[in-house]
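Open the model in your viewer and keep the selection tool ready. The tour goes from a pocket to helix contacts and then to a ring pair.

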Amino acid sequence: MTHNAVSRTTEFVYESLPTRVIFGSGTLNNVEQEAKRLGMSRILLLCGQPHESVTSSIAKSLGDIYGATFLGARMHTPVNVTEEAMALVKTSQIDGIVSIGGGSTTGLSKAIALRTDLPQIILPTTYAGSEMTPILGETDNGIKTTQRSPKVLPETVIYDVELTLDLPPAIAGVSGMNAVAHAVEALYSRDANPVISALAIESVAALLRSLPRIRNEMHDLGARSDALYGAWLAGICLGSVGMALHHKLCHTLGGMFDLPHAETHAALLPHVLAYNSPAIPEVMQRLSHSLGVDDPALHLYRVNQAIGATPALADIGMPEDGIERATDLALANPYWNPRPLERHAIRDLLARAYRGDEPKP
Ligand code: NAD
């Protein structure tokens, strides 16, 4: 029921992010015009392996404003990779970045922008949402640190649905659930506001209706368009309000056991939503209404099944003794969450996610 948002409309702070967004199909053709609009004259192209050929055709179309290409982006933005790319920025006298890829490639672009303040055009090819946030996580000697800086926010984001068509359904599904997690946590964020909550509800609905369709027909342009739209909105949510238990647990588990980012989000989200549900009745009611389901946490678990995401953290590398260790770490570094962190219940939540059981409050 949308009127449930009213209780939050009396007092809030809303700050919009300044990124220009171009959304559609075939929007890749806007790169040159956008680059010139931003005054770029020596462009560094960043791309992941699946986009090498599209990147070389962009390089050709850019003509004399093309500078160099760097292919080596890696998950969690290792500082040594950024330093390699920075050397190229200097030797090729780069004055602008165009990045085509998932969250890993976007992360590298943001890391360069942090060091240089160069303008960025980002073309996302997954649903991670990093392109819409002023957040950068970097890894040095195995330790990941996260910071916020307006410098890392791209000037332009070009969403081209066609760039996502070949994202394999298995990756698309969990990447989409990673985006759902941003939107769900925004709904019960400490600094939630009605604008972001409206985007979050729209985002969750768009993603949850499209991800199972992508699993069945990977080139379904309508479903891909809905998923990318939902992911964009989820990225705005992540960049605008603080996250809670779910993102902290994923960060803890990812760091401790080197678990894959998107898969961890997908497996854990139903359990964290179930854990928080007694403390957020209005959010649960709003999600139920929007999704047309009685139990939104169980619905997330069922969508995971429909997209073929593993429900069990055990299957993606978490050791059994990790349940206890991650519980200890979660409680050692407390942070805001709508339901206070209760040792016994957090341990249960992690044990259920470890085994892949259905979620329970
Ligand atoms: P990713 O960028 O590593 O991509 C996952 C895999 O999919 C890679 O092998 C990639 O080559 C492949 N791929 C990407 N797009 C493809 C396409 N269209 N077709 C075929 N294959 C494709 O992973 P991700 O989940 O997009 O991003 C994860 C990273 O992003 C992590 O480092 C995470 O910390 C970061 N992240 C940061 C933020 C933020 O706000 N700072 C937000 C979300 C994620």
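Select Glu15, Leu17, Arg148, Gly239 and Ser240: of the 13 residues lining the second largest pocket, these lie nearest its centre. A pocket here is an open set of points on a 1 Å grid over the protein atoms alone, where a 1.4 Å probe fits, with protein on both sides within 12 Å along at least five of seven lines; lining residues have an atom within 4 Å of a point. The space comes to about 290 Å³, taken as the volume filled by probe spheres set on the points. The lining holds five nonpolar, five polar and three charged residues. Ala, Val, Leu, Ile, Met, Phe, Trp, Tyr, Cys and Pro count as nonpolar, Asp, Glu, Lys and Arg as charged, and the others, Gly among them, as polar.

This is a predicted model: local features need pLDDT of at least 70, side-chain atom pairs count only at pLDDT 80 or more, and totals for chains, interfaces and linings use all residues. Numbering starts from 1 along each chain as its sequence is written, and side-chain values use heavy atoms, without hydrogens or water.

Next, select helix 3 (residues 79-91) and helix 4 (residues 103-116). Their axes come within 10 Å and cross at roughly 65 degrees. Axes are lines fitted to C-alpha atoms over the stretch in contact, with angles from 0 to 180 degrees between N-to-C directions. Show Val79, Ala85 and Met86 of helix 3 with Leu108, Ile112 and Arg115 of helix 4, which are among the contact residues (heavy atoms within 4.5 Å).

Move to helix 8 (residues 245-257) and helix 13 (residues 343-355), packed at about 65 degrees with axes 13 Å apart. Leu245, Leu249 and Leu253 meet Ile346, Leu349 and Leu350.

Finish on Phe23 and Tyr229. Their ring centres are 6.4 Å apart and their planes at 85 degrees, so the pair is edge-to-face. Rings of Phe, Tyr and Trp (its six-membered ring) pair with centres within 6.5 Å; planes over 60 degrees apart count as edge-to-face, under 30 as stacked, the rest as tilted. Phe23 is in strand 1 and Tyr229 in helix 7, 206 residues apart.

Conventions:
Helices (H or I, at least four residues) and strands (E, at least two) are DSSP runs, numbered from the N terminus.
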